[in-house]
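This briefing goes through selected features of one protein chain, grouped by topic. Please read it alongside the sequence and the coordinates.

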Amino acid sequence: MQAYPPEPFRIKTIEPIRRISREDRESAIKAAGYNMFGLRSDDIYIDLLTDSGTGAMSDRQWAAIMQGDESYAGARSYFILKEAMADIFGFDHFIPAHQGRAAEHILSTLLIQPGHSIPSNTHFDTTEANIRARGGKPINLVIDEASDPSNRHPFKGNMDIDKLERFIQETGVENIPFGMTTITNNATGGQPVSLENIRLTSEVYRKHGIPFFIDACRYAENAYFIKLREPGYEDKSTLEIAQEIFKTADGATMSAKKDALVNIGGFLAMNDEELFTLAKNELILREGFPTYGGLAGRDLAAMAVGLWEGLDEAYLEYRLGQTAYLTEGLLAAGIPVVEPPGGHAVYVDAGQLLPHIPREQFPGWALAIELYLEGGIRGVELGSVAFAYVDKDGEEHHPALELVRMAIPRRMYTQTHMDLVIQTSTEIMKRSKNIGGYRITYAPKLLRHFTAKFEPI
Ligand SMILES: Cc1ncc(COP(=O)(O)O)c(C=O)c1O
């Protein structure tokens, strides 16, 4: 296979990793209740659980950390971040938050009443849970192509604009306090959303007077996809594309642990002055004073530098190239994955790889465990454990696909690591018929995949 564009950086610090024996991996996963989130990281060789907060910071970010201003109020680091926020996102106001879900929590607390509906292309699980926790209904209106894993639609994360229009008509604007779109669309494969689609989404929301918030976690990866795939944007910089994206919206939530290349951080941004005042008060109650918002001054400083580095096009070319390399490598080995390659992760279609395991026995969960047992690799199920739910009439709903996500931390692993993932997956595929399902022995009410316990059937 052809290599991907080389890393536009060199390695200055290393962190040793080791692969424990198969026998030790078997004991470790059993002790973890067969839940990937229960493992100790020292027992993992290649950790693809998430790209969230797991990347490597640059020497400039570490230098900014040393210069972080830890003043309780009015810290210099806050104003440096504020400048970056204004240049890139252009919203009138923002509050820092310790991560994305804290921003979602504040937004949901302020705007959602029981019975409200919040449409999006596809909400991420923490957004869904925050909406449900307020008695609201998260509604996913992604285009139909998203549920066909082999469809190579260039913007498979797009909102279905007709569905959105119909949903608003049927539900009534009075029941929709705000609408969203997620870029890139994590839950359906890290797939991008086109600028045309973001604009149309915005027009529909605005026509109905519904405030539009973008879940901006991976906005830079999305902007680079637009540059590569959307006619008319090839000569625009990722910064210009990002600015065009956010001009269409009334606000944004962001987990800075993704495209701001930091280990912790996030924000809630908005234009509405009144909402900003309410958000600041909520922030003070839950996170901290508005010029630090649950973070240290040094975290704000690293985020300001990381926001710019995340938009660097040489970095984005390498970044998306690495994900494409792993996706195409698995496909070439005959492993069913969501196509085309997304931005931050590869999504293996466990439903197709393990068709003999019924959905009630969680094929995605079973595959994630095999990846660990075979190669010491940690991925995460995004299938029926994460997303299935029982409605108020007792009917069980499953997501469209049973996926295992292998998310690639930013600036962290090399091509040799990617090759090992391909080799391990190939070994599993050879003996896939002998892999069995799992049953749940404990599950909490919300976000059960984080802490549920399982046993093999
Ligand atoms: C699209 C999306 N939104 C929101 C979040 C939540 O962010 P955090 O984990 O920082 O709370 C994530 C995290 O993975 C995400 O991928």
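The model is predicted. Helices H8 and H9 pack at an angle of about 110°, while the axes of H1 and H14 cross at roughly 145°. The salt bridges come to 29 by count.

**Helix H8 against helix H9**

- H8 spans residues 219-229 and H9 spans residues 238-247, and their axes lie 9 Å apart.
- The angle between H8 and H9 is about 110°, and the two helices are therefore roughly perpendicular to each other.
- On the H8 side, the contact is made by Tyr 219, Ala 223, Tyr 224, Ile 226 and Lys 227.
- On the H9 side, the residues that meet them are Thr 238, Ile 241, Ala 242, Ile 245 and Phe 246.
- Sorted by class, the contact of H8 with H9 holds eight nonpolar residues, one polar and one charged.

**Helix H1 against helix H14**

- H1 (residues 22-31) and H14 (residues 363-375) have axes that come within 8 Å and cross at roughly 145°.
- H1 contributes Arg 22, Arg 25, Glu 26, Ala 28 and Ile 29 to the contact.
- From H14, the partners are Ile 369, Tyr 372, Leu 373, Glu 374 and Gly 375.
- Five nonpolar, one polar and four charged residues make up the contact of H1 with H14.

**Helix H11**

- H11 runs over residues 297-310, which is 14 residues.
- From first C-alpha to last, H11 reaches 20 Å, close to the 20 Å expected at 1.5 Å a residue.
- H11 is mostly covered, with eleven of its 14 residues buried.
- Among the buried residues of H11 are Asp 299 and Glu 309, as well as Leu 300, Met 303 and Leu 307.
- Gly 297, Gly 306 and Gly 310 in H11 are also buried, as are Ala 301, Ala 302 and Ala 304.

**Salt bridges**

- Arg 378 and Asp 47 form a salt bridge in which the closest N and O atoms are 2.8 Å apart.
- This pair links distant parts of the chain, with Arg 378 in strand E10 (residues 377-378) and Asp 47 in strand E1 (residues 46-47), 331 residues apart.
- Both Arg 378 and Asp 47 are buried.
- Glu 402 and Arg 359 meet through their side chains in a salt bridge, at 2.7 Å from N to O.
- Glu 402 sits in the loop between strands E13 and E14 and Arg 359 in the loop between helices H13 and H14, so the pair ties together parts that are 43 residues apart in sequence.
- Glu 402 is buried, with a relative accessible area of 3%, whereas Arg 359 counts as partly exposed at 28%.
- One network, joined by salt bridges that share partners, takes in Asp 51, Arg 218, Glu 221, Asp 259, Arg 319 and Arg 410.
- The side chains of Arg 76 and Asp 69 also meet in a salt bridge, at 4.0 Å from N to O.
- Arg 76 counts as partly exposed at 48% relative accessibility, and Asp 69 is buried at 14%.

**Ser 432**

- Ser 432 lies in the loop between helix H16 (415-430) and strand E15 (438-442).
- Ser 432 counts as buried, because its relative accessibility is 11% and the cut-off for buried is under 20%.
- Leaving aside residues up to four places away in sequence, Ser 432 touches Leu 353, Leu 354 and His 356.

Notes:
Residues are numbered from 1 along each chain as its sequence is written. This is a predicted model: local features need pLDDT of at least 70, side-chain atom pairs count only at pLDDT 80 or more; totals for chains, interfaces and linings use all residues. Side-chain values use heavy atoms; hydrogens and water are left out. Axes are lines fitted to C-alpha atoms, for helices over the stretch in contact, and angles run from 0 to 180 degrees between N-to-C directions. Helices (H or I, at least four residues) and strands (E, at least two) are DSSP runs, numbered from the N terminus. Angles under 35 degrees count as roughly parallel, over 145 as roughly antiparallel, 65 to 115 as roughly perpendicular and the rest as oblique. Contact means heavy atoms within 4.5 Å. Ala, Val, Leu, Ile, Met, Phe, Trp, Tyr, Cys and Pro count as nonpolar, Asp, Glu, Lys and Arg as charged, and the others, Gly among them, as polar. The expected span of a helix is 1.5 Å times one less than its number of residues. Buried means under 20% relative accessible area, exposed over 50%, partly exposed in between (1.4 Å probe, protein chains only).
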